[in-house]
Amino acid sequence: MAIRSTVDGSGIAEVVMDHPPVNALPVAGWQELADVLTGAGRDERVRVVVLRAEGRGFNAGVDIKELQAEGHAALVAVNHACAAAFAAVYECAVPVVAAVHGYCLGGGIGLVGNADVIVASDDATFGLPEVDRGALGAATHLARLVPQHRMRAMVYTAERATAAELHAYGSVHAVVPAGELRDAALEVAGGIAAKSPTVIRAAKLSLNGIDPQDVRRSYRYEQGFTFELSLTGVADEHRDAFVEGRPTDASR
């Protein structure tokens, strides 16, 4: 199981990603995450969710090796599963507090960008290496974390941003030492859990209702370009280069 979850007596659900070596989730892992988050929101005991990870980093996106081994069918499946997981964070009936450590890349940005509150360790970095993999996606969610021109530069260059930078933008609620991350996230979650669950669930619905961006539609639009790049063979070349540890053919 790549995902595990618990609910404590105060109504805090902890959803933990744990898929060594780097938390790059396979198709089944992304779908499992979507199902667990959706289930947490439907559980009347749950007042808030803390989404975190074990290991070296929060999330490294999708399992590139799985995509290369199984071809376009896996690409379609993982895109559907990622979209489901991102939507499950956004549409979870209760607030989701993301606790981010180490790297948060690719699909990790999709999760964090859709979260309600973000707490990060001081070693956390955030980025979209998609262009280096012949893909696009989650700029929708990165744009919820950084200003427009910073987002564009990060997409084009695959450069990462630090937790301190995102904290300065206001998208990261707090930055703490790595050893204090879980406790800090639980403290924020505890403050939410102490409120009326009826009011908090209504607040989540209302905030989604006034959101200026349709994150589902926007992400789906991005995914279309990934499919185009795959059909033309460009994405395969980039993913092959990544798996084989060689430079990418930048002429394509």
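These legends go with a set of close-up views of a predicted model.

**View 1**
Six of them form an open sheet, arranged in the order 1-2-3-4-6-9, and the pairing is mixed. Strand 1 (3-7) and strand 9 (174-176) are the edge strands, each pairing on one side only. On average, and with direction ignored, neighbouring strands of this sheet are turned by 20° against each other.

**View 1. Strand 2 beside strand 3.**
Here we zoom in on one pair from the sheet. Strand 2 (residues 12-17) runs in the parallel sense with strand 3 (residues 48-53), and the two pair over six bridges. To find your place in this view, look for Glu-14, whose bridge partner in strand 3 is Val-50.

**View 2. The loop between strand 2 and helix 1.**
Two backbone details share this loop. Pro-20 and Pro-21 are joined by a cis peptide bond, with omega about 5°, and Pro-21 is found in the loop between strand 2 and helix 1 (27-42). Asn-23 lies in the loop between strand 2 and helix 1 as well. Its phi is near 60°, a positive value in a residue other than glycine. Is Asn-23 buried or exposed? Asn-23 counts as buried, because its relative accessibility is 2% and the cut-off for buried is under 20%.

Ala-138 sits in the loop between strand 7 (125-127) and helix 5. Although Ala-138 is not a glycine, it has a positive phi of about 75°. At 3% relative accessibility, Ala-138 counts as buried.

**View 3. Helix 3 from end to end.**

**View 4. The largest pocket.**
This view turns to open space in the model. The largest pocket has a volume of about 720 Å³. Its lining is made of 37 residues, and those nearest its centre are Ala-60, Gly-61, Val-62, Asp-63 and Ile-64. Helix 2 (64-70), helix 3, helix 10 (215-231) and helix 11 (234-244) are the elements that give two or more residues to this lining. Which element gives the largest share of the lining of the largest pocket? That is helix 3, with five residues. Sorted by class, the lining of the largest pocket has 21 nonpolar, ten polar and six charged residues.

**View 5. The second largest pocket.**
The second largest pocket holds about 340 Å³ of space. It is lined by 18 residues, with Ala-139, Thr-140, Met-151, Val-155 and Glu-222 the closest to its centre. Helix 5 (139-142), helix 6 (148-157) and helix 10 each supply at least two residues of the lining of the second largest pocket. Helix 10 also gives two or more residues to the lining of the largest pocket. By class, the lining of the second largest pocket divides into eleven nonpolar, four polar and three charged residues.

Terms used
Residues are numbered from 1 along each chain as its sequence is written. This is a predicted model: local features need pLDDT of at least 70, side-chain atom pairs count only at pLDDT 80 or more; totals for chains, interfaces and linings use all residues. Side-chain values use heavy atoms; hydrogens and water are left out. On a 1 Å grid over the protein atoms alone, a cavity is a set of points where a 1.4 Å probe fits but cannot get out, and a pocket is an open set with protein on both sides within 12 Å along at least five of seven lines; lining residues have an atom within 4 Å of a point. Grid points are joined across faces, edges and corners, and a volume is the space filled by probe spheres set on the points. Helices (H or I, at least four residues) and strands (E, at least two) are DSSP runs, numbered from the N terminus. Ala, Val, Leu, Ile, Met, Phe, Trp, Tyr, Cys and Pro count as nonpolar, Asp, Glu, Lys and Arg as charged, and the others, Gly among them, as polar. Two strands pair if DSSP finds at least two bridges between them. Axes are lines fitted to C-alpha atoms, for helices over the stretch in contact, and angles run from 0 to 180 degrees between N-to-C directions. Buried means under 20% relative accessible area, exposed over 50%, partly exposed in between (1.4 Å probe, protein chains only).
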